[in-house]
Amino acid sequence: MADDLFKALADPTRRIIMDELAERSRQTLFEICSRLSMKHRLGISRQAVSQHLAVLEAAGLVETSREGRYKYHDLNTAPLRQIAERWPPPDGPEESSP
């Protein structure tokens with residue numbers, strides 16, 4: 001599992017971007033910036049959002065597709081499942097210490 005995944009998840013702004021993409025997929029950079037500004041009151045530049053998206057994409061958490069001059073962003077939760085599979089819960093009932 002790449003350190004890129006944990007780096008991407010460590011930033012609260014990137015987690016908000018992921019929340020927005022989970023709520024509504026296929027968003028353009030403009031749409032994401034608008035939602036961050038209006039809904040979350042984040043005063044963040046378009047370039048900064050683009051850089052956050054690049055980190056999320058490098059970690060495999062965001063996938064992009066182009067249609068004409070528009071670039072759409074979608075959340076990919078497969079890397080998050082890898083985390084859960086790496087550290088599964090213990091089998092059987094939890095034991096309490098005396």
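This is a predicted model: local features need pLDDT of at least 70, side-chain atom pairs count only at pLDDT 80 or more; totals for chains, interfaces and linings use all residues.
How far apart should the ends of helix 3 be for its 12 residues, and what does the model show?

1. Helix 3 covers residues 29-40, and at 1.5 Å a residue it should span 16 Å; its end C-alpha atoms are 16 Å apart, which agrees.

2. Next, its two sides. Leu29, Ile32, Cys33, Arg35 and Leu36 are the buried residues of helix 3. Viewed down the helix axis, they fall within an arc of 160°, so they line one face. An α-helix has 3.6 residues a turn, so residues three or four places apart point the same way. On the face turned away from the buried side of helix 3 you will find the exposed residues Phe30 and Met38.

3. As for neighbours, the buried residues of helix 3 pack against helix 2 (12-23), helix 4 (46-58) and strand 2 (70-75). Just after helix 3, have a look at Arg41, which takes a positive phi of about 55°.

4. Thr13 belongs to helix 2. Thr13 is buried, with a relative accessible area of 16%, and, leaving aside residues up to four places away in sequence, it touches Leu42, Ile44 and His52.

5. Finally, the largest pocket has a volume of about 230 Å³. It is lined by 15 residues, of which Thr28, Leu29, Arg46, Lys71 and His73 are the closest to its centre. Helix 3, helix 4, strand 1 (62-67) and strand 2 each give two or more residues to this lining, and helix 4 gives the most, with 5 residues. By type, the lining divides into 6 nonpolar, 4 polar and 5 charged residues.

Key: Residues are numbered from 1 along each chain as its sequence is written. Side-chain values use heavy atoms; hydrogens and water are left out. Helices (H or I, at least four residues) and strands (E, at least two) are DSSP runs, numbered from the N terminus. The expected span of a helix is 1.5 Å times one less than its number of residues. Buried means under 20% relative accessible area, exposed over 50%, partly exposed in between (1.4 Å probe, protein chains only). The arc is that of the directions from the helix axis to the C-beta atoms. Contact means heavy atoms within 4.5 Å. On a 1 Å grid over the protein atoms alone, a cavity is a set of points where a 1.4 Å probe fits but cannot get out, and a pocket is an open set with protein on both sides within 12 Å along at least five of seven lines; lining residues have an atom within 4 Å of a point. Grid points are joined across faces, edges and corners, and a volume is the space filled by probe spheres set on the points. Ala, Val, Leu, Ile, Met, Phe, Trp, Tyr, Cys and Pro count as nonpolar, Asp, Glu, Lys and Arg as charged, and the others, Gly among them, as polar.
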